[in-house]
Amino acid sequence: MDVVSLIPQFGGFLYTLLSFVVALSVIVAVHEYGHYIVGRWSGIHAEVFSLGFGPVLWSRVDQHGTRWQVALLPFGGFVKFLGDANAASGKDEEAMADAETDPTLLRRTMHGAPLWARTATVAAGPVFNFVLSILIFAGVVMYSGKPRDPLTVDTLVPIPGLVNELREGDEILSIAGLDAPSISDSVKWNRFQSQIPSEQPLEYAVMRDGVKMIVSGPNFVPAVVNSVSPDSSASSGGVMAGDVITAIDGEMVESFAQLKSIVVAANGRVLLLDIWRDGQTLELALAPRRVERLQADGSVAASWLIGIGSGWAFNPVTERTEPLEALATGASQVWMVINSSLSGLKHMILGNMDTCNLSGAIGIAEASGTMASQGAQSFIWFIAVLSTAVGLLNLFPIPALDGGHLMFYAYEAITKKQPSDLAMRVLMTFGFAAILSLMVFALGNDIFC
């Protein structure tokens with residue numbers, strides 16, 4: 001392989017790495033700022049706020065005596081409070097011995113502050129991650145808006161070889177003789193979509209300029225790629241959002257439902273896809289992958305997928321989503337990510353789901369690059385999902401994580417005494433070993449699965 005052929009691969013690696021660093025830096029900065037600001041409000045002094053580890057590239061000390069710094073290795077960060085020996089809030093015995101002679105100074109340390117202050121400070125990191133996620137989800141929902149009722153055509157999606165008589169401003173009354181329900185009724189709307197025939201063209205009844213008319217148009221859910229999933233055969237095979245899949249193994253594809261049927265029936269066999277992209281026809285070979293997915297009832301089902309999402313034959317006219325509604329949607333999305341993560345972990349522990357579904361740093365970095373390549377909105381949405389996952393992970397009751405500290409504080413609240421220094425050191429060592437083992441295991445999944 002010559003140097004010239006390596007340049008695109010190297011560029012792709014840099015793009016993936018940069019996307020990962022940006023996503024991680026935003027999430028870590030918000031997480032650590034939660035610890036810092038609530039600690040400050042609670043009377044605990046932060047000595048260092050660091051974005052990254054290793055040699056310091058830049059730093060300054062603010063009016064509160066906190067040194068803010070950016071370090072060379074941008075794969076995390078920490079807040080070091082007064083009395084901490086390290087980034088994991090281990091106790092600095094010498095510093096605490098000095099502080100114990102001064103009640104005012106002792107109150108400003110992480111280990112000498114009241115239990116409520118320590119608990120609030122530690123819990124703030126994950127809470128800020130969840131708040132960030134809610135705000136991002138809500139922001140995206142408000143920016144995108146929601147389809148106006150009745151469903152109205154805004155812009156048409158280009159589909160080759162088909163006459164599309166739909167026009168901007170058309171209100172959809174029925175498709176293929178099926179009356180279109182209110183789009184706000186999700187149950188009826190999903191049932192309506194599932195009943196639309198898998199063929200094209202289809203007959204649309206529309207209201208145009210106050211006149212009802214019948215026009216011909218593409219399948220309502222055509223074989224158009226709306227999104228590409230990270231770590232999928234479509235992603236690695238070069239499929240891009242906006243592609244139109246016109247044929248598979250020479251068989252014409254007229255709807256996304258037909259495409260799904262062909263992929264499932266292939267049972268993992270390599271498929272040859274004819275793709276229309278920006279006026280050109282491409283051929284891509286993809287092998288569907290067997291993917292395990294959580295179902296609505298909490299069970300696990302496997303299916304053959306190539307990793308693409310569907311869209312409609314047109315972009316609908318949207319209307320503004322009210323802030324409270326958007327925040328409610330954001331909160332429900334955070335809960336959905338938490339619930340699916342915990343359910344997936346449970347099924348992996350019980351052996352119902354392959355542990356290869358657990359991704360490590362490489363898998364997350366690749367997902368960052370994939371989502372960033374699909375546009376700013378997809379990347380920002382991914383940051384919100386990852387922020388929720390980071391907040392949840394930090395709440396696990398493992399020593400060295402925030403959840404481990406909260407577990408110790410719960411013990412202190414019940415017994416009215418702190419765990420011994422020896423017990424803390426042993427448990428912290430166990431916690432670090434457990435986290436390192438999990439990271440190595442997940443990294444192995446990225447490489448070998």
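Predicted model: local features only at pLDDT ≥ 70, side-chain atom pairs only at ≥ 80, totals over all residues.
**The disulfide**

The model holds one disulfide. Its partners are C356 and C449, whose sulfur atoms lie 1.9 Å apart, which is within the 2.5 Å required of such a pair. The torsion about the S-S bond of C356 and C449 is about -70°, and the disulfide is therefore left-handed. C356 belongs to the loop between helix 8 (323–350) and helix 9 (361–373), while C449 sits in the segment after helix 12 (421–448), so the bond ties together parts that are 93 residues apart in sequence. With a relative accessible area of 34%, C356 is partly exposed.

**The nonpolar patch**

On the surface, a nonpolar patch is formed by F13, L14, L17, F53, L57, W58, V70, L72, L73 and F75. Together these residues have about 920 Å² of accessible area.

Strand 2 supplies the largest share, four residues. F13, one of the patch residues, is located in helix 1.

Four strands form an open sheet in the order 11-10-12-13, and their pairing is antiparallel. Strand 11 (251–252) and strand 13 (280–286) are the edge strands, each pairing on one side only. Strand 11 pairs with strand 10 (residues 244–248) in the antiparallel sense over two bridges. I248 has E251, in strand 11, as its bridge partner.

Methods:
Residues numbered from 1 in each chain as written. Heavy atoms only, no water. Buried < 20%, exposed > 50% of the residue type's maximum accessible area, 1.4 Å probe, protein only. Patch = residues over 30% accessible without salt bridge, like charges linked within 9 Å, V, L, I, M, F, W, Y side chains within 5 Å. Areas by Shrake-Rupley, 256 points an atom, 1.4 Å probe, with all protein chains shown as cover. Salt bridge = Lys/Arg side-chain N within 4 Å of Asp/Glu carboxyl O. Pairing = 2+ DSSP bridges.
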